[in-house]
Every structure is written in C-alpha cells, then in structure tokens.
Amino acid sequence: MNIFTKHPSSVGETYLGHMATASKMGFLFLASSVFQFVHAVFPFIHPPFGTDVKSLSNVVIKRALKIEKKQRGKNS
C-alpha cells in the first residue's frame with residue numbers, strides 16, 4: 001500500500017477526500033488560533049461561531065465518531 005493512501009484508507013477515505021477533510025480542519029484550527037489571540041488582547045471581541053473551543057471540540061468529536069462508525073461497519 002502506498003504511503004499516501006495507507007492512512008486515508010484506514011479511516012475510510014480516499015486520498016483527495018482525506019486531503020479535503022484535513023485541510024478544512026486545519027483551516028478551522030488556524031482561524032481559531034488567530035481569533036483566540038485577538039480575544040486574549042481584546043476580551044470584548046468574542047471568537048466567531050465555529051472558531052470557539054466548544055465548536056472545535058464538536059467538530060473533532062463528530063469526525064472521530066464518523067471514523068469509528070465506518071471502522072465498525074468494515075469489521076462486521
């Protein structure tokens with residue numbers, strides 16, 4: 001198995017699908033970091049929806065559950 005497809009395959013994705021998902025999550029975390037630094041200096045400016053810690057946690061949990069569900073289906 002190719003080193004570029006081994007991990008995406010293990011989570012039930014194609015290489016391009018995994019690239020899209022990882023890029024989306026990376027962008028969310030990058031945006032969140034910027035907004036958290038702005039919030040640290042200016043506490044009256046709240047991070048926009050989707051970049052606060054609770055929203056990011058939900059994204060990660062949903063993603064993990066989706067992978068777990070795919071893996072259970074694959075092992076059945």
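Q: Where does Phe42 lie?
A: Helices here are DSSP runs (H or I, at least four residues), numbered from the N terminus. In this predicted model, in which residues are numbered from 1 along each chain as its sequence is written, local features need pLDDT of at least 70 and side-chain atom pairs count only at pLDDT 80 or more. Phe42 is located in the loop between helix 2 and helix 3. Its C-alpha atom is separated by 31 Å from that of Lys62, and these residues are 20 residues apart along the chain.

Q: What relative accessible area does Phe42 have?
A: A residue is buried under 20% relative accessible area, exposed over 50% and partly exposed in between (1.4 Å probe, protein chains only). Phe42 has 39% and is partly exposed. Phe44 has a relative accessibility of 61%, so Phe44 counts as exposed.

Q: How many aromatic pairs does a search of the whole structure find?
A: A pair of aromatic rings is described by the distance of the centres and the angle of the planes. Rings of Phe, Tyr and Trp (its six-membered ring) pair if their centres lie within 6.5 Å; planes under 30 degrees apart are stacked, over 60 edge-to-face, and the rest tilted. The search of the whole structure gives two aromatic pairs.

Q: Which parts does the pair of Phe4 and Tyr15 tie together?
A: Phe4 belongs to the segment before helix 1 (6-10) and Tyr15 to helix 2, so the pair ties together parts that are eleven residues apart in sequence. Phe4 is exposed, at a relative accessible area of 51%, and Tyr15 is partly exposed, at 38%. Phe42 and Phe44 also form an edge-to-face pair, 5.9 Å centre to centre with 65° between the planes.

Q: Is Phe37 buried or exposed?
A: Phe37, a residue of helix 2, has a relative accessibility of 63% and therefore counts as exposed.
A: Contact means heavy atoms within 4.5 Å. Arg63, placed in helix 3, has 13% relative accessibility and therefore counts as buried. Leaving aside its neighbours within four places in sequence, Arg63 touches Val11, Glu13, Thr21 and Met25. Thr21 lies in helix 2 and is partly exposed at 24% relative accessibility. With the neighbours within four places again left aside, Thr21 is in contact with Glu13 and Arg63. The C-alpha atoms of Thr21 and Lys6 are separated by 16 Å, the residues being 15 apart along the chain.

Q: Is Ser55 buried or exposed?
A: Ser55 is in helix 3 and, at 13% relative accessibility, counts as buried.

Q: Which residues line the largest pocket?
A: Rolling a probe the size of a water molecule over the atoms shows where empty space is left. On a 1 Å grid over the protein atoms alone, a pocket is an open set of points where a 1.4 Å probe fits, with protein on both sides within 12 Å along at least five of seven lines; lining residues have an atom within 4 Å of a point. The largest pocket is lined by Thr21, Lys24, Met25, Leu28, Val59, Lys62, Arg63 and Lys66. Helix 2 (15-41) and helix 3 (53-75) are the elements that give two or more residues to this lining. The space in the largest pocket is about 170 Å³, a volume being the space filled by probe spheres set on points joined across faces, edges and corners.

Q: How do the residues of this lining divide?
A: Ala, Val, Leu, Ile, Met, Phe, Trp, Tyr, Cys and Pro count as nonpolar, Asp, Glu, Lys and Arg as charged, and the others, Gly among them, as polar. The lining of the largest pocket has three nonpolar, one polar and four charged residues.

Q: Where in the protein chain is confidence lowest, and where highest?
A: pLDDT is the predictor's confidence in each residue, from 0 to 100. Confidence is lowest in helix 3, at a mean of 84, and highest in helix 2, at 92. The protein chain has a mean pLDDT of 87, and 97% of its residues reach 70 or more.

Notes. Side-chain values use heavy atoms; hydrogens and water are left out.
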